[in-house]
Amino acid sequence: MGHKLLVVEDDEATAIYIVKGFAEEGFVVDRAANGRDALFLASDGTYDAIVLDRMIPQMDGMSVLGALRAGGIETPVIVLSALGSTDDRVTGLTSGADDYLTKPFAFAELLARVRLLVKRGVSQPAVETRLTCGDLEMDLLARKVKRGSRTIDLQPREFRLLEYFLRHVDEVVTRTMLLEAVWDYHFDPGTNVIDVHVSRLRRKLDEDGASPLLHTVRGAGYRLGLSA
C-alpha cells in the first residue's frame, strides 16, 4: 500500500492538481479544504506526511501546525504558501514545519521533497490525544478536561499532574515520581507541595458529589482509578 498523505489546500484547482499528481505516484491521498478539517484528520497521527497551505479558512495553516505539534503529533509537514519572504519561511520552519515550498511551484519538486520527508520520518505510531478513566476525559490537543458533561477548569500544573495520573491509571504513584515528572524537582519527597496540589485536584474532580477517582494509598502515594 502507498504512503498516506494529507493535502490541505482550499483552492480547488490547486488541490485537484496536487491530489491527482500524488495519486498517480501511488500515494493514498486525503484532502482537507479548511484548517478545522485538517486538524481533525491529522490528529490521529496516521499520515506519513502533510502538505499544508498557510492561508486556509476557519483556522490558518500555522495554527493547525501549532496545534498538532502541541498535541505531540510529529507527522512530517511541508508548508506550501504564496508567502515566500525569508521571514515567512523562517516562521514556518520555526513553528514546526519540516520543509517550506513557495507558490508557484513545480509538482516534481513538491513530490521530491515529500518523498524525502517520508523517507526521513520513521513511521510514527498513532499518538494518543485523549486520556480517560471512567467518565473523566482529557483532550490533549484542546487541553480540556471533562467529567461526564462537566468541564473542569485546571491550572497548568494541575493539568500536568492529572495527565501523569491518567497515564498511570490504577498504578500507585509515589510523591517522588510526581516531583520528578511534574515539578522536575529532585529533593526531599517529604515536602507538602504534592499533597496541596493533589488535594486541590481531587476537589475539582469530585465536585457535585461525583464518585472519588483519586485515592490516597497510605504510606505509598496516590492512585487514580475507579475503585478505592
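**View 1. Strand E4 pairs with strand E5 (residues 99–102) in the parallel sense, over 4 bridges.** In this predicted model, Val79 of the pairing stands opposite Tyr100 in E5, and the chain passes from E4 through helix H4 (residues 86–94) to E5 in a right-handed β-α-β crossover. E3 is likewise joined to E4, by 4 bridges and in a parallel arrangement, with Leu52 standing opposite Val79 in E4; together with H3, the strands E3 and E4 make a right-handed β-α-β unit.

**View 2. Strand E4 (residues 77–81) is mostly covered, 5 of its 5 residues being buried.** The burial extends to both faces of the strand, with Val77, Val79 and Ser81 on one side and Ile78 and Leu80 on the other.

**View 3. The largest cavity has a volume of about 30 Å³ and is lined by Leu6, Val8, Ala38, Ala42, Ile50, Leu52, Val64, Leu68 and Val77.** Two or more lining residues come from each of strand E1 (4–8), helix H2 (35–42), strand E3 (49–53) and helix H3 (61–70). By class, the lining holds 9 nonpolar residues, with no polar and no charged ones.

**View 4. Ala181 lies in helix H7 (residues 175–183).** Ala181 is classed as partly exposed because its relative accessible area is 31%, a value between the limits of 20% and 50%. Leaving aside neighbours within four places in sequence, Ala181 is in contact with Arg160 and Tyr164, whereas Glu12, 169 residues apart from Ala181 in sequence, is 47 Å apart from it in space, C-alpha to C-alpha.

Methods: Residues are numbered from 1 along each chain as its sequence is written. This is a predicted model: local features need pLDDT of at least 70, side-chain atom pairs count only at pLDDT 80 or more; totals for chains, interfaces and linings use all residues. Side-chain values use heavy atoms; hydrogens and water are left out. Buried means under 20% relative accessible area, exposed over 50%, partly exposed in between (1.4 Å probe, protein chains only). Contact means heavy atoms within 4.5 Å. On a 1 Å grid over the protein atoms alone, a cavity is a set of points where a 1.4 Å probe fits but cannot get out, and a pocket is an open set with protein on both sides within 12 Å along at least five of seven lines; lining residues have an atom within 4 Å of a point. Grid points are joined across faces, edges and corners, and a volume is the space filled by probe spheres set on the points. Ala, Val, Leu, Ile, Met, Phe, Trp, Tyr, Cys and Pro count as nonpolar, Asp, Glu, Lys and Arg as charged, and the others, Gly among them, as polar. Two strands pair if DSSP finds at least two bridges between them. A crossover is right-handed if, with the strands pointing away from the viewer, the path from the first strand over the helix to the second runs clockwise.
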